[in-house]
Amino acid sequence: MGARIAVAVAAWLVGLATAQGEGPIVLRDVTARTGIGFRHTDGSSGRRYIVEYVASGLATFDYDGDGLIDVYFLNGRPLPGTTADVPPRNHLYRNLGGFRFKDVTEEAGVGDEGFGLGVCIGDYDSDGHPDIYVNNFGPNVLYRNNGDGTFRDVTSRAGVGRGERVGAGASFLDVDHDGHLDLFVANYIKFSYDMHAPLTVAGLPAYRGPQQYPPDANNLFRNNGDGTFTDVSQASGITAHPGSGMGIVSADYDNDGSTDVFVLNDNARNFLFHNDGAGKFSEVGLASGAAYNLYGQETGNMGVDAGDYDHDGLLDFFVTTYHKELPVLFHNLGGGLFEDAALSAGSGQGTLRNVKWGCGFVDFDNDGYKDIFLGLGNLDDNIQLRDDTITYEDRPVLLRNLGNGRFANVSDSSGDGMQVKSVARGVAFDDLDNDGRIDVVILSSRRPPVILHNQSATGNHWLQIRLRGVKTNRDGVGARVKVVAGDLTQIDEVLSGRGYQSHFGSRLHLGLGKRDRVDRIEVRWIGGGTDVLENLPVDRLIAITEGTGHPTEERADEHVAL
Amino acid sequence: MSEEPRSEGPSDSPLAGGPLPRPEAIPSPHAAVTVESVTGEAREVARRIIERFPEEPDALAVVAAERALSGKTDEAAACWRKCLTLDPRSAEAHHGLASAAMEKGDHAEAARLARKALELNPSLAGAARLLANALLLSGQFAEAAAVMEKEVRREPRSAEAQFLLGEARLQMKQYEKAIAPLERAVELLPNYTQAYYSLAAAHTRLGRADKAQQYREKFKVLKAKSQAEGREWSRKYEDLGTVRRGVAMIYRFAGNVYQAHGELKEAERHWQRAAAHDPADAACRHALAVLYQQQGRIPEAIPIVESLRQIEPASAAYPLALGGLYADSGRPEAAEAALKEACRLAPDDSQGYAALALLYLTTDRKLPEALALARKAVQLRPTAMNYALLAGACQRNADLPGAVAAIKEALQREPGNQQYRRMYEQFKTQP
């Protein structure tokens with residue numbers, strides 16, 4: 001009875017707040033009650049090594065298969081000049097439901113003490129349990145999920161350690177349609193401590209940019225199907241293109257059935273690696289229009305997400321950038337071409353003031369159109385001393401998709417969660433309480449994270465889909481899904497690694513507006529066949545198993561509504 | 001450094017009604033130059049000028065510039081607002097406030113203020129560009145295009161104006177219409193990297209793959225060059241030098257204000273200090289050179305113009321000026337060398353030839369060469385003055401008919417010029 005009253009009071013409060021000027025999207029800051037005690041460190045001592053400001057990403061995924069999405073934070077180990085009594089390490093928080101989390105790092109065995117930068121999730125051995133790949137400054141780590149709540153470090157056996165390099169984003173993908181997840185690992189720059197030199201700007205200590213260090217090539221590891229990988233960076237055509245890699249996303253931008261790779265480069269042109277279907281890549285960034293912003297300028301590119309924001313059946317890319325630079329919205333024109341639609345779409349509103357990092361195409365109000373969320377925060381903790389228009393900590397920005405190709409900045413009318421300042425780096429988006437609304441986790445540099453609970457009360461319908469590959473990779477990474485509900489047709493793709501060096505959204509989420517049935521779902525498995533399902537109910541999580549042609553309803557262990 | 005200013009003590013200028021400079025305002029030439037010390041100097045320049053001219057919008061503009069340079073956008077905006085209370089029709093103040101609004105990401109406000117600045121002064125440098133950018137960022141593409149259409153009519157040789165017009169049209173998806181201004185932009189500025197990118201985009205949208213590829217290739221070449229330059233700049237970045245360049249600008253602005261109020265000693269001191277801070281600041285050196293020339297301080301003008309020649313080695317204007325200065329100071333060989341350099345740098349400009357001819361004539365040397373040079377000057381620019389020079393050269397080379405013919409041409413162009421008339425009369429009566 002007490003709980004019911006609490007729920008009613010909370011709902012009344014939400015309604016009251018809405019009446020007082022909140023829009024359809026409401027994000028509440030619930031960090032304090034999550035029990036998450038993680039505090040990020042970037043290893044800094046004041047020397048301002050370049051690797052400090054690029055840390056770190058995070059992952060949201062269901063590691064234990066209980067139907068609740070868990071959170072894995074990367075962390076930075078102490079760099080020269082600083083020490084720590086207790087070495088900082090990555091932390092895994094198990095979702096207990098009701099926005100309560102428990103630190104299970106120790107028992108899960110995933111507390112890597114390296115300098116964590118990027119992370120991706122994928123079931124590389126198709127055993128039904130998602131594995132973790134951590135891209136570090138220093139040796140990388142592949143954690144194999146044992147399926148019992150624990151992981152084992154299998155890096156050495158798998159051969160994906162990659163040595164002493166500065167990592168960035170990472171992504172599992174099946175490059176050659178053999179049913180095994182391969183691994184793309186982006187690298188930032190070539191760096192060693194002896195290459196570091198202090199820098200001042202306007203007399204104040206500042207970080208050096210990537211252009212002052214040699215670029216580094218990325219890596220592609222082919223999955224041999226026996227728990228080991230082979231480095232095919234050279235043979236695949238990847239090595240020929242060294243850059244200053246940051247966020248990456250692997251997605252089929254040209255609808256040819258093969259997963260391509262979009263690699264952002266910091267202060268340099270982006271690489272769009274087109275996959276020929278056999279795992280050979282051509283770099284087509286400039287010709288496709290995805291290398292530069294609308295003015296042909298290289299920007300300080302940070303995070304990237306892929307999604308079809310305008311329902312034209314083509315995946316677009318949203319790219320976050322440095323302060324005083326507009327984020328880039330690469331609108332997919334078809335035929336392998338993109339145009340930066342940032343001005344015409346209004347997708348940079350409210351963002352020029354700071355550096356932009358984690359981002360996502362996310363339908364927060366379930367109206368059927370993907371909105372854009374960006375985490376903001378500066379590199380330099382003293383930035384305000386040399387430019388009073390910029391702050392180190394900053395509020396995030398939420399751009400609501402108006403359904404006409406344009407976005408509106410609704411940050412000020414979308415709940416108290418949008419007022420919370422952080423020094424955002426990785427940002428992840430998933431439904432943490434299985435209420436059909438996507439929540440937000442922000443990794444804040446040198447600070448505790450921020451957890452935002454989506455309490456949008458729109459009455460819109462939704463559908464979440466979890467794919468289960470049989471012949472193809474187990475989690476359906478790279479599979480293309482088309483969902484038709486009345487007049488609304490949406491596409492989505494299961495991605496591994498996205499945003500700012502992070503991972504989220506393994507479970508697809510589609511808002512449906514007021515449509516209360518889904519007419520048809522098509523799933524095109526990567527390198528496999530196509531499954532078609534028709535006439536489906538909404539407001540639930542379903543699983544689609546490859547080749548069965550029918551869904552099963554997934555139930556979480558707990559569904560807690562406020 | 002010899003360019004370090006010295007304390008001048010109390011000013012004896014009748015206009016010097018304000019407080020005297022405090023001793024700490026004048027940096028010691030032996031003090032270590034640090035970012036802190038030079039930014040402190042800039043603050044002091046701003047403090048003194050506003051103390052001296054508290055109700056003067058130009059002085060407030062100096063303070064606003066200093067505040068903006070220090071990253072204090074709000075304080076800069078406050079200065080501009082005060083400017084507006086003193087002069088509500090100040091285009092510069094509206095422009096300054098528009099810039100501050102842009103810095104803060106308030107594009108609608110920036111557009112409103114920039115539009116007002118442009119209304120008040122349609123030729124205010126940068127105002128149309130600022131307005132167009134603010135409109136583009138606000139998604140008002142047609143309005144941005146209209147602003148730039150007007151601007152390219154006013155400044156048809158501005159590559160940036162042409163480029164922005166092209167960009168606005170691209171945003172309006174008027175790809176065909178975007179091409180003309182973008183092509184004009186690269187005509188005016190053949191290394192305009194971004195314009196080639198936009199041209200490639202326009203042709204791509206129009207399905208002209210070959211043309212797009214052609215522009216893309218050009219873009220690639222230019223981009224590779226600019227990236228290499230960017231890396232080099234980044235590698236060589238020197239914080240103190242960068243800060244000093246900004247501080248030099250503040251000194252120069254302040255010098256201009258003192259000059260406008262007739263306080264030439266203060267103006268000179270500020271420009272000198274600007275020159276000391278920024279070895280590449282041409283504007284402050286130009287101001288000093290003009291001042292010295294006006295005051296007949298030729299020996300002081302010469303090294304300043306020499307430094308300008310080093311800063312802008314491709315400009316013929318400085319060797320030309322040096323020719324005159326060396327000639328005035330009795331150094332004909334140096335003058336000759338400078339003027340030959342001017343002719344080499346600007347072979348299609350008559351001024352160098354005319355000045356060199358005049359030098360030979362006035363020093364009574366190389367008279368046949370003087371005649372040839374005068375003819376060249378006339379050929380390039382048949383003005384009354386060049387014809388008069390030619391007449392003089394003919395006369396000195398004993399070509400009286402030629403002298404008469406040339407001076408008649410000069411008179412035809414300037415019938416009221418008494419000097420030409422006297423020359424004509426003199427040549428006519430000579431045997």
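What follows is a conversation about a predicted model, in which each answer sets a value against the rule behind a word.

Visitor: What is the secondary structure of chain B made of?

Guide: Chain B comes to 22 helices and zero strands. Its C-alpha trace spans about 80 × 70 × 45 Å along the principal axes. Of its 431 residues, 46% count as buried.

Visitor: What makes a residue of α16(B) "buried"?

Guide: A residue is called buried if 20 or more other C-beta atoms lie within 10 Å of its own. In α16(B), nine of the 12 residues are buried, and the helix is therefore described as mostly covered. Among the buried residues are B:Tyr318, B:Leu320, B:Leu322 and B:Tyr326.

Visitor: What covers the buried residues of α16(B)?

Guide: The cover includes α15 (298-311), α17 (332-345) and α18 (350-362) of chain B.

Visitor: How do you know that α16(B) has close to the expected span?

Guide: The expected span is 1.5 Å times one less than the number of residues. Helix α16 (residues 317-328) of chain B has 12 residues, and 16 Å is expected. The helix reaches 17 Å from its first C-alpha to its last, which is close to that value. After α16(B) comes B:Gly330, whose phi is positive, near 75 degrees.

Visitor: How does helix α9 of chain B stand against its expected span?

Guide: Helix α9 (residues 175-188) of chain B has 14 residues and reaches 20 Å, close to the 20 Å expected. Its buried residues include B:Ile179, B:Leu182, B:Arg184 and B:Val186. Among the elements covering them are α7 (141-154), α8 (159-171) and α10 (193-205) of chain B.

Visitor: Why is a set of residues called a nonpolar core?

Guide: The name applies because the members are buried residues of listed kinds, Ala and Ile among them, joined through C-beta atoms within 7 Å. The largest such core has 293 residues, and B:Ile250 and B:Ala357 touch the most other members. Helix α12 (residues 239-260) of chain B gives this core its largest share, 10 residues. In soluble globular proteins, nonpolar side chains tend to be buried together.

Visitor: Which residues are in contact with B:Ile250, leaving aside its neighbours within four places in sequence?

Guide: They are B:Ala42, B:Val45, B:Ala46, B:Val62, B:Ala65, B:Glu66 and B:Leu69.

Visitor: What makes β17(A) a partner of β16 and of β18 in chain A?

Guide: Two strands pair if there are at least two bridges between them. Five bridges join strand β16 (residues 245-251) of chain A to β17(A), and three join β17(A) to strand β18 (residues 271-275) of chain A. Both counts meet the rule, so both are pairings. A:Gly245 has A:Asn265 as its bridge partner, while A:Phe262 has A:Leu272. β17(A) and β18(A) form a hairpin with five residues between them, and A:Asn267 in the turn has a positive phi of about 65 degrees.

Visitor: Why are β20 and β23 of chain A said to stand at the edges?

Guide: The order in this open sheet is β20-β21-β22-β23 (chain A), with antiparallel pairing. β20 (304-307) and β23 (337-340) each have a single partner strand, so one side of each is left without a neighbour in the sheet. From one strand to the next the twist averages 25 degrees. Inside the sheet, three bridges join β21 (residues 316-319) to β22 (residues 328-334) of chain A, and A:Val319 stands opposite A:Val328.

Note on methods
Residues numbered from 1 in each chain as written. Chains lettered and ligands numbered in written order. Helix = DSSP H or I, 4+ residues; strand = E, 2+ residues; numbered from the N terminus. Contact = placed C-beta atoms within 7 Å. Axes fitted to C-alpha atoms, helices over the stretch in contact; angles between N-to-C directions.
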